[in-house]
Amino acid sequence: MSDNPIQANINVDANSLKTITCTCGAFIFESVAIYKAVPSIYSPTGKPTAIAMPCLRCIKCGEVHSMENVMKSIKDDSPIIGLGKGN
Ligand SMILES: [Zn+2]
């Protein structure tokens, strides 16, 4: 028994879940990251730093989708999640 509610909620049949697809139709992605520079005035340490924003890159067309865009697409109530809509 896990006290992590997210893990508990993900305990479903993967075949019943929506497949995230790229605008090109491919559905295999690799994890990449975009790095954002954080100026010293916004940094908790007072020194310039960088933060990583996780993204998915389509292995077929190479298009990079931000996780924000992916999450937006997941909210759509379609059987297949198409990325890149509304941009
Ligand atoms: Zn693609």
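Q: Which residue in S3 stands opposite Ile34?
A: Ile34 faces Met53 in S3. Keep in mind that this is a predicted model, where local features need pLDDT of at least 70 and side-chain atom pairs count only at pLDDT 80 or more, while totals for chains, interfaces and linings use all residues. Residues are numbered from 1 along each chain as its sequence is written.

Q: What joins S2 to S3?
A: Ten bridges do, and the two strands run antiparallel. Strands pair if DSSP finds at least two bridges between them, so ten bridges make S2 and S3 a pair. Val38 opposite Thr49 in S3 is another of the facing residues.

Q: How many helices and strands does the protein have?
A: There are two helices and five strands, where helices (H or I, at least four residues) and strands (E, at least two) are DSSP runs, numbered from the N terminus. Along the sequence they follow the pattern α-β-β-β-β-α-β.

Q: Why is one side of S2 and of S4 left without a neighbour in the sheet?
A: The open sheet has three strands in the order S2-S3-S4, with antiparallel pairing. Strand S2 (29–38) and strand S4 (64–66) are at its edges and have a single partner strand each, so one side of each has no neighbour in the sheet. From one strand to the next, the twist averages 40°.

Q: In what sense do S3 and S4 pair, and over how many bridges?
A: Strand S3 (residues 49–58) pairs with S4 in the antiparallel sense over three bridges. Arg57 stands opposite Val64 in S4. Helix H2 (residues 67–75) packs on this sheet, touching S3 and S4, and its direction makes about 75° with that of S4. Such angles run from 0 to 180 degrees between N-to-C directions, with axes as lines fitted to C-alpha atoms, for helices over the stretch in contact. Cys55 stands opposite Ser66 in S4. In the hairpin of S3 and S4, with five residues between the strands, Gly62 takes a positive phi near 80°.

Q: Why is Ala33 called partly exposed?
A: Ala33 has 13 other C-beta atoms within 10 Å. A residue is buried with 20 or more other C-beta atoms within 10 Å of its own, exposed with 12 or fewer, and partly exposed in between (C-beta atoms are placed from the backbone). The count of 13 falls in between, so Ala33 is partly exposed. Ala33 belongs to strand S2, and one of the ten residues of S2 is buried, so this strand lies largely in the open.

Q: Which residues is Ala33 in contact with?
A: Leaving aside neighbours within four places in sequence, they are Ala52, Met53, Pro54 and Cys55. Contact means that C-beta atoms, placed from the backbone, lie within 7 Å.

Q: What makes up the largest nonpolar core?
A: Its five residues are Cys22, Phe29, Leu56, Cys58 and Leu83. A nonpolar core is a set of buried Ala, Val, Leu, Ile, Met, Phe, Trp, Tyr and Cys residues joined through C-beta atoms within 7 Å. Beyond four places in sequence, Cys58 touches Cys22, Cys24, Ala26, Phe29 and Glu63. Of the 87 residues of the protein, 8% count as buried.

Conventions
Contact = placed C-beta atoms within 7 Å.
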